[in-house]
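Hello,

Here is the structure I promised to send over. Please open it next to this email; my notes follow below.

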Amino acid sequence: MRLAKIHTEKKVDGDQTVVCHDDSGPPVKAQTIHELHSLQKKKSAPTTPINGSKSSFSTTISEEELQKQQLQSISASLASLTRETGPKLVKGDPANRKAENRKVTHVEHYHHDAPTLNISDSALKFTHVLYNLSPAELYEQAIKYEKGSFITSTGALATLSGAKTGRSPRDKRVVKDKTTENALWWGKGSPNIEMDEQTFLVNRERAVDYLNSLDKVFVNDQFLNWDPKHRIKVRIVSARAYHSLFMHNMCIRPTPEELESFGTPDFTIYNAGKFPCNRFTHYMTSSTSIDINLDRKEMVILGTQYAGEMKKGLFSLMHYLMPKRQILSLHSGCNVGKDGDVALFFGLSGTGKTTLSTDHNRYLIGDDEHCWSENGVSNIEGGCYAKCIDLSREKEPDIWNAIKFGTVLENIVFDEHTREVDYSDKSVTENTRAAYPIEYIPNAQIPCVGPHPRNVILLACDAFGVLPPVSKLSLAQTMYHFISGYTALVAGTEEGVKEPQATFSACFGAAFIMLHPTKYAAMLAEKMQKHGATGWLVNTGWSGGSYGSGNRLKLAYTRKIIDSIHSGELLKANYTKSEVFGLEIPTVVEGVPSEILDPQNTWSDKKAYTDTLLKLGGLFKKNFKGFVDYQIGEDNQLTEEILAAGPIF
């Protein structure tokens with residue numbers, strides 16, 4: 001079929017002959033492409049309204065002076081310990097050649113105990129500081145300069161974390177000195193592997209030298225803890241836009257006003273993860289090292305680009321700092337009802353902590369890290385770090401919808417053409433993750449604070465099938481099960497392997513705690529008693545038999561149980577006491593079949609039930625032996641009370 005011929009004819013408009021209509025408007029004033037591009041951008045104005053008059057800080061300090069102070073502070077952070085000068089810093093992208101004509105900050109740093117060395121090449125160059133960039137700017141940096149960075153179909157930034165796709169807990173080190181020797185938990189079972197001050201300084205120098213050798217570094221100045229009375233100022237210096245965007249999402253984002261008066265940080269992270277540590281350095285066991293020095297208030301990352309190390313490193317810091325202020329740091333989810341009733345959710349991977357704490361009828365305070373102070377609860381973070389493996393819109397609509405522009409997607413696989421993510425694909429890793437600001441969750445409570453908790457819910461996925469779906473705990477039992485941090489993992493999918501494996505993680509987050517678990521448990525019990533909170537143990541695992549013979553408890557039943565806890569109805573129920581664990585089991589829960597509330601009713605083989613119950617009780621006792629020798633108080637009474645709350649047989 002032939003195409004119709006196109007006719008072009010002159011149109012007559014009155015006495016004028018018109019060829020075509022030109023509606024392009026007046027020409028732009030730019031004389032070059034560079035000038036044209038510069039017209040796209042205009043100076044940012046503060047997005048947060050200033051209440052009342054401007055602060056004295058903003059009226060007495062010019063923008064130029066403010067920028068100078070920020071660069072001086074960053075230069076001090078990046079100062080080497082063996083040279084007398086910090087790096088020459090200039091704000092902006094090195095791709096913009098005009099940057100080097102701007103004001104440069106070069107700060108002298110005198111170290112009286114360090115040898116005077118000749119000037120190095122680093123003093124002859126500029127280090128460009130990309131300071132608190134917006135997500136859009138960080139997208140541009142990542143896509144231009146970081147291989148493996150792409151925009152997905154929903155607008156999220158897909159990135160790769162390199163060879164490490166998860167945390168490296170065996171490579172985490174904490175400086176053992178006069179400050180920490182008696183304060184921290186050391187030895188068997190502890191996550192704190194010691195290093196000395198000298199080794200930390202060697203690694204710090206290696207990280208700082210690497211960062212100073214780069215043309216540009218990313219610097220984030222942000223906060224931890226939504227409670228303004230107890231918030232912590234943190235600075236993150238990193239080499240990758242991906243890391244900067246990740247921390248932009250995960251920490252609390254300062255307003256322009258707060259950034260002006262930020263000053264010196266309380267804690268600094270040096271993320272030189274693209275560069276390995278020296279394996280011949282004392283205490284090093286691999287090319288990866290994550291080092292925390294609580295006295296210097298610094299953290300150094302070498303040999304891993306997995307962003308979660310920064311998040312959990314700061315969580316470890318809070319587990320040390322907050323208890324010193326009589327504030328309990330918690331690895332938990334947290335939500336609040338419309339009547340102000342707060343619930344804490346503790347649980348290891350696979351227990352349903354994220355699913356159950358995300359409730360459309362309640363407001364989300366946070367999904368992972370919290371503080372319980374004299375003011376109530378507050379989220380430590382400004383974002384969520386959700387698992388993505390097998391994510392679906394039907395099962396997790398809030399997380400699904402949060403994966404949009406500004407979200408970081410780690411190590412996922414996507415279609416080359418459509419950029420649609422395949423969340424079931426484990427080609428890179430099973431530990432695929434999404435990091436997004438908490439305000440991406442529609443029912444998030446902003447600011448992320450709430451009253452004192454009314455309910456403390458400990459979640460366990462019991463693959464042995466002998467724990468009841470729900471039981472009410474005494475204070476001593478709450479402490480015992482909090483310290484135990486139990487769940488069970490299915491052994492695997494290999495043929496013939498059906499035996500579940502018990503796993504215990506003290507305080508439901510052993511990898512991040514700094515003090516002995518009983519100290520956190522004692523604080524939890526004290527706060528629960530003071531504010532009238534009730535402890536609950538909820539089994540989201542198996543019923544009617546162990547994994548392989550029984551069935552997983554229906555999510556609908558667990559949600560009904562959680563609803564009854566929130567409403568207070570479960571407190572009014574009648575209870576019976578179970579054998580071995582001595583748990584208080586309700587006889588009726590609305591919407592849940594009564595026969596499944598006591599697990600022994602669901603087992604056809606009663607002897608098998610008793611044997612399995614005794615086996616699990618024995619595993620609890622064996623695990624708890626590691627905590628028996630630690631004494632709380634002068635008379636050791638509390639330790640004995642906790643032990644008595646465990647399984648008895």
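Four strands make up an open sheet, ordered E14-E18-E19-E25, with antiparallel pairing. (Strands, E, are DSSP runs of at least two residues and helices, H or I, of at least four, numbered from the N terminus; two strands pair if DSSP finds at least two bridges between them.) E14 (328–331) and E25 (449–450) stand at the edges with a single partner strand each, so one side of each has no neighbour in the sheet. E19 (residues 376–379) pairs with E25 over two bridges, in the antiparallel sense. Ser378 has Val449 of E25 as its bridge partner.

This is a predicted model, where local features need pLDDT of at least 70, side-chain atom pairs count only at pLDDT 80 or more, and totals for chains, interfaces and linings use all residues. Residues are numbered from 1 along each chain as its sequence is written, and side-chain values use heavy atoms, with hydrogens and water left out.

Helix H8 (residues 308–324) lies across E14 and E18 (369–373). H8 runs at about 150 degrees to E14. (Axes are lines fitted to C-alpha atoms, for helices over the stretch in contact; angles run from 0 to 180 degrees between N-to-C directions.)

Now the helix pair. H4 (residues 135–145) packs on H6 (residues 241–250) at about 155 degrees, with the axes 8 Å apart. That makes H4 roughly antiparallel to H6 (the term applies to angles over 145 degrees). The contact (heavy atoms within 4.5 Å) involves Pro135, Leu138, Tyr139, Gln141 and Ala142 of H4. From H6 come Ala241, Ser244, Leu245 and His248.

Best wishes

Terms used:
Parallel < 35°, antiparallel > 145°, perpendicular 65-115°, else oblique.
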